[in-house]
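Thanks for sending this one over. Below are my notes, as numbered points, for you to read alongside the model.

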Amino acid sequence: MEEEDADYTPSGSQPSVGVSSHVSPTVAAAEPSQQQQATGNEVIDVDKEPTAKAKQGRREMASRSDMWEHFEQIKDSANVVQHGKCKYCRRVIKAESKQYGTSSLRKHFNACKRNPHRNAKDPSQALLQATPGEAPGNHKWDPEAIRQAFTEMIIEDELPFAFGEKPGFRKFMAKACPRFNVPSRRTTTRDAVRCYFKEKAMLKKFFKDSCQMVCLTTDCWTSQQQDGYMTVTASFIDENWNLHKKVINFFLIKGHKGEDIGKNLLKCMVEWGMERVMTITVDNASANDGGIVYVRKQLNKTPGNNIANGKYMHMRCAAHILNLIVQDGLKEVDLSIKRVRAAVRYIRNGGTRLEKFKEILEEEKVDNKTFLKNDVPTRWNSTYIMLKAANVYEKVFTRLAEEDFSYRFALSEENDGFGCPEETDWENAKKMEQFLGHFFDLTTRERGVQVSRRPGHHFIHCGEPCEAVMKCHWWLVPCGLLDAIARVLDYWVSG
């Protein structure tokens, strides 16, 4: 019985060492594979060395300390962290887990002078900030406020949405504010659209609750692709008596007929919830008259919205009236203006010409910081700037005509030119400069460039153009300009 018990092996178990000594090597070699096929269990060779996986033991755990966001790990040959290098001052700190851990890293993090997060331990703690032109105040780190300010900068300065992705700007922000994550162009686009809808909602609420009257200005033009566009600007006064101007719409239109202008203008007013419109300022195109009539008719259907049933709603653009006056003045001395313009363009269009001009300039000892400027014939204000700069160099142009044959030939009538400026032309140019100067100052004041934001300083009355004209009456009467200007002013006042 003892021998039978010794030879008996339970099913699924391995034979003992003593039993295997009685089994032949061939049978012993065949048994494991047969047994593995029957049971599916793995056969382990006890004589084999353990694999690398068995030697490694349990898997290494990932670092859980937030200090490794500010330090670089330095490991030894066994892939064990021994030191940490500060990302700000590049100092190496011991960080072996069994002896040092991350306590020394945290101590250095709180004392590192180049660490931008050192003062952010307490989020409620504010810092003292001194801004040029303002009193010292408290500064608190607010990433959302910085992101909003970045979006407003993109909008106000008309920068591309991809401005934040430029390497130079990112390098600057890495030094100025490392904690701020500069948004991408897609994020900036979404922020700009979100800012637009937010400002639009606030402005609509102001128009509905706090604004008594709104003055609108509109204009239409056609692009090179023959597409018609229309823009609408709203001017209003807030509760502090500050004048504001907002472009509230810019859209495509089907045509420039009066009814189309009126319908689009009324659609814009309905979209913004405007019911009380005081005036609508347009230029002197006849189609605008029909548009104003259409809008007045629609608004008068609701009594009490308009002053005197819209009798004084139609306002003619003062800047457009001034442009008509000046264009009539330029026609009277058109030849003199063309000659001075051609002389200026001749000098500015060549390098050797410019050198010759500067040589004569030094010999004549003409000292002026403003050099010659080209003008745009359809913009009288640029013509004024051109004449103002060219009149200073009258002596230089006169001497250049005497010494330079190429200059005389380029401007001669034989070369389809108007001729060189003569003495009478320079006299007319000086008078025209004085004439345009009054209207240039008037237009600048009307646009509110050089004045405060108080509403009383932004509007002009019909007496101011008349005053500007009377300052030049000594020259306008002989030229026959006064009658033409009087007709334009009469059209403005009576229209």
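**Notes on the model**

1. Helices here are DSSP runs of H or I with at least four residues, strands are runs of E with at least two, and both are numbered from the N terminus. S336 is buried, as its relative accessible area is 6%; buried means under 20%, exposed over 50%, and partly exposed in between, with a 1.4 Å probe and protein chains only. Leaving out residues up to four places away in sequence, S336 touches D425 and N428, where contact means heavy atoms within 4.5 Å.

2. A word on the basis of all this: the model is predicted, so local features need pLDDT of at least 70 and side-chain atom pairs count only at pLDDT 80 or more, while totals for chains, interfaces and linings use all residues. Residues are numbered from 1 along each chain as its sequence is written, and side-chain values use heavy atoms, with hydrogens and water left out.

3. Now the overall picture. The protein has 20 helices and 10 strands. Of its 495 residues, 32% are buried. Among contacts with a separation of 6 or more, 56% come from residues 24 or more positions apart. The accessible surface is about 33100 Å², and carbon and sulfur atoms hold 51% of that surface; these areas come from the Shrake-Rupley method with a 1.4 Å probe, and for residues only the protein chains shown count as cover.

4. Axes are lines fitted to C-alpha atoms, for helices over the stretch in contact, and angles run from 0 to 180 degrees between N-to-C directions.

5. Strand 1 and strand 2 (residues 81–86) run antiparallel and are joined by five bridges. I74 stands opposite H83, and F71 opposite C86. The hairpin of these two strands has five residues between them, with N79 in the turn at a positive phi of about 65°. Strand 2 and strand 3 are antiparallel over three bridges, and K85 has V92 as its bridge partner. Their hairpin also has five residues between the strands, and R90 takes a positive phi near 65°.

6. Strand 7 (residues 228–237) and strand 8 (residues 243–253) run antiparallel with 10 bridges between them, and I237 faces L243. In their hairpin, which has five residues between the strands, W241 has a positive phi near 60°. Strand 6 (residues 214–222) and strand 9 (residues 277–282), on the other hand, are parallel over four bridges, with V277 as the bridge partner of V214.

7. How do helix 6 and helix 8 pack, and at what angle? Helix 6 (residues 143–156) meets helix 8 (residues 185–209) at about 85°, with the axes 10 Å apart. The two are therefore roughly perpendicular; that label covers 65 to 115 degrees, with under 35 roughly parallel, over 145 roughly antiparallel and the rest oblique. Helix 6 contributes R147, Q148, F150, T151, I154 and I155, and helix 8 contributes T187, T188, D191, A192 and C195.

8. Finally, R170 is found in helix 7 (residues 167–176). With 35% relative accessibility, R170 counts as partly exposed. Beyond its neighbours within four places in sequence, R170 is in contact with G164, E165, V182 and P183. The C-alpha atoms of R170 and V182 are 7.3 Å apart, with the two residues 12 apart along the chain.

Technical notes:
Pairing = 2+ DSSP bridges.
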